[in-house]
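Hi,

Here is the structure I promised to send over.

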Amino acid sequence: MFSTLFQATGFKRALDLFEAGRLEEGKALLKSLQEEFLAVCEENEALKRQLSEVAEVLDLAEKVQFDGQKYWLNDEDERRGPFCQVCYDRDGLLVHLHRRENHWECQSCHGLYMIPREAPATDRKKPRLRTNLKKTVPLFFERELG
Ligand SMILES: [Zn+2]
């Protein structure tokens, strides 16, 4: 990598060459300085891109929600997903899970996620055994007074 210090001294050197009447040497030096300048510009652009990617990842991390199994993306008032937990944790990539009959499947790592056993709305009409019903457990108990 070329330091700005090197460039600064390079410009001084080019000036010295021109003042000394060594035009060809001065031109050659300017040409190489221009190449260095373009390389630095390219590097700067690459760094800017990297920086905005990092900012995007950080922004994304705030919107990503884990349900204990898969990831969901809360974007504005829209919830998108689910996404593969393995792919996101390993590569930082949100990979859509495809819904199969009894599970979600990741097309990338082929991970499988069981669909929770709660009956979907369309199944509710079918007769079910009452024994399947779980007793609800209250989350909070009222404290007895006195
Ligand atoms: Zn995956």
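Below is what turned up, starting with the metal site.

A bit of housekeeping: this is a predicted model, so local features need pLDDT of at least 70 and side-chain atom pairs count only at pLDDT 80 or more, while totals for chains, interfaces and linings use all residues. Residues are numbered from 1 along each chain as its sequence is written, and side-chain values use heavy atoms, with hydrogens and water left out.

The zinc ion is held by the SG atoms of Cys84, Cys87, Cys106 and Cys109, at 2.3 Å. Donors here are N, O and S atoms within 2.8 Å of the metal (3.2 Å for Na, K and Ca); water is not among the atoms, so sites may look incomplete. The angles among the four donor atoms run from 104 to 114 degrees, and the site is tetrahedral (four donors with all angles between 85 and 135 degrees). Along the sequence, the donor residues follow the spacing C-x2-C-x18-C-x2-C. Cys84 sits in the loop between β3 (78–83) and α3 (85–91) and Cys106 in strand β5 (residues 103–106), so this pair ties together parts that are 22 residues apart in sequence. Helices (H or I, at least four residues) and strands (E, at least two) are DSSP runs, numbered from the N terminus. Cys84 and Cys106 are both buried (buried means under 20% relative accessible area, exposed over 50%, partly exposed in between; 1.4 Å probe, protein chains only).

Next, the rings. There are two aromatic pairs, where rings of Phe, Tyr and Trp (its six-membered ring) pair if their centres lie within 6.5 Å; planes under 30 degrees apart count as stacked, over 60 as edge-to-face and the rest as tilted. Phe66 and Tyr71 have ring centres 4.9 Å apart and planes at 45 degrees, so that pair is tilted. Tyr71 also pairs edge-to-face with Tyr88, at 4.8 Å centre to centre and 65 degrees between the planes. Because Tyr71 is in strand β2 (residues 71–75) and Tyr88 in helix α3, this second pair links parts 17 residues apart in sequence. Phe66, Tyr71 and Tyr88 make up one aromatic cluster; Tyr71 and Tyr88 are both buried, whereas Phe66 is partly exposed at 42% relative accessibility.

Two arginines sit over tryptophan rings too: Arg79 over Trp72, at 4.0 Å from the ring centre, and Arg99 over Trp104, at 5.2 Å. The test is NZ of Lys or CZ of Arg within 6 Å of the ring centre and within 35 degrees of the ring normal.

Cheers

Notes:
Four donors count as tetrahedral if all angles lie between 85 and 135 degrees; four count as square planar and six as octahedral if opposite donors are over 155 degrees apart and all others between 65 and 115; anything else is irregular.
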